[in-house]
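This report is for a reader meeting the structure for the first time. Please look over the sequence and the model before reading on.

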Amino acid sequence: MEAPGLFSAKRLSNHNRGEMREIFDRAIRLADKDQMRLRVPHEVKHVQKLQGMHYHYRPELFLQLQGRTDFQFPREAFSLDPDELCVIPAGVPLGEIAHAEETRPFRNLVAGFYNNTLSIHFAYEARPHHPDIEVIEFFDAPDLDVFLTLSNSVAQTFHTQGPARAAVLKGLLMTILGLFRNIVETGAGQLNSDIGKVFRAKCLVREQFANPELSVQHIAELLGCSADYLSHLFHVETKERLTHYIQRIRIEGAILALETTSLNISEIAYAGGFADPAYFTRTFKQHKGFTPHEYRAQLDAHRAKAESQPKTVFFDRMDFTHGQPRRSAEAEKPAAAPRTAVALSRSGVIARHKR
């Protein structure tokens with residue numbers, strides 16, 4: 001089993017580091033002039049597993065460079081434009097959609113946090129509207145708690161209305177941007193560190209979940225460590241077992257197939273890396289609480305119900321069709337008989353009455 005491209009993610013080159021220094025210098029100047037727009041989603045119930053979204057156990061920062069990122073959250077959605085910074089609080093689920101400009105490609109700078117390590121990477125549009133990692137570096141951060149405290153303080157202050165809110169946010173932003181600037185200048189990259197192993201393991205699972213040979217043992221062999229060590233490391237960093245993560249990603253793919261294809265259950269099982277459809281059904285029920293057949297039946301029932309509902313609701317009527325409004329009650333009454341027919345009917349009644 002060969003490793004995918006993401007598995008061998010490129011480290012920052014000297015050119016990349018120089019570009020990052022310039023980016024953080026510019027961001028600091030904008031923050032100093034109150035020209036850096038900050039976006040922070042509202043915090044929600046942490047670590048919800050929502051379809052089409054993912055979350056992290058620590059905050060994440062996005063600095064938009066080119067193009068636009070459309071973010072979706074459980075309670076809201078907004079877009080991030082160039083020279084805008086978004087701080088995602090820990091545990092908040094998010095979805096991302098990349099949009100390029102007419103003359104420039106999509107690009108942003110993303111920072112994440114791990115145990116005593118932080119990552120910074122450039123993101124690009126790997127395929128239409130899908131951002132992915134271009135180059136990445138993991139830096140040793142003995143003072144990681146400082147970064148986390150600053151990031152959490154930004155998120156908390158953003159949604160308060162204190163009298164010094166603007167001044168506090170400005171100070172926090174300039175401090176955290178300055179710290180990122182310093183670590184890019186002086187920090188030692190640690191792509192081959194333990195944190196790098198967790199990152200690469202996740203990339204490999206997402207790229208290869210349809211491969212029935214994918215297992216903790218195979219991933220550990222590619223990473224050059226034991227399966228037990230990798231399982232322990234993955235659980236420490238993500239609070240999830242690697243075996244569970246593999247199953248979860250496969251089940252997410254199966255759900256998408258159930259919703260968007262007409263493949264039967266066995267075909268979906270094989271396409272998702274399950275060698276045994278019966279085992280796939282048991283695993284699916286463990287994760288979702290019902291079988292794939294039951295899930296598809298629920299989908300069909302929901303679609304049938306949706307088809308019986310109005311397609312458009314106006315203030316004075318409902319349109320149950322795709323193009324022709326439903327006739328009003330008056331319009332649905334039988335049409336009046338022609339005048340001649342009425343006259344004949346009346347004459348007949350009169351005649352019978354006379355008799």
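In which helix does Arg296 lie? Arg296 lies in helix α10, which spans residues 292–307; helices are DSSP runs of H or I with at least four residues, strands are E runs of at least two, and both are numbered from the N terminus. The model is predicted, so local features need pLDDT of at least 70 and side-chain atom pairs count only at pLDDT 80 or more, while totals for chains, interfaces and linings use all residues. Residues are numbered from 1 along each chain as its sequence is written, and side-chain values use heavy atoms, with hydrogens and water left out.

Leaving aside neighbours within four places in sequence, Arg296 is in contact (heavy atoms within 4.5 Å) with residues including Ala257, Leu258, Thr261 and Asn264.

Elsewhere, the axes of two helices, as lines fitted to C-alpha atoms over the stretch in contact, come within 8 Å and cross at roughly 95 degrees. That makes α5 roughly perpendicular to α6, a term for angles of 65 to 115 degrees.

| Helix | Residues | Residues in the contact |
|---|---|---|
| α5 | 216–223 | Val216, Gln217, Ile219, Ala220, Leu223 |
| α6 | 227–238 | Ala227, Leu230, Ser231 |

Across the whole protein there are 12 helices and 11 strands, and buried residues make up 42% of the 355 residues.

Conventions:
Axes are lines fitted to C-alpha atoms, for helices over the stretch in contact, and angles run from 0 to 180 degrees between N-to-C directions. Angles under 35 degrees count as roughly parallel, over 145 as roughly antiparallel, 65 to 115 as roughly perpendicular and the rest as oblique. Buried means under 20% relative accessible area, exposed over 50%, partly exposed in between (1.4 Å probe, protein chains only).
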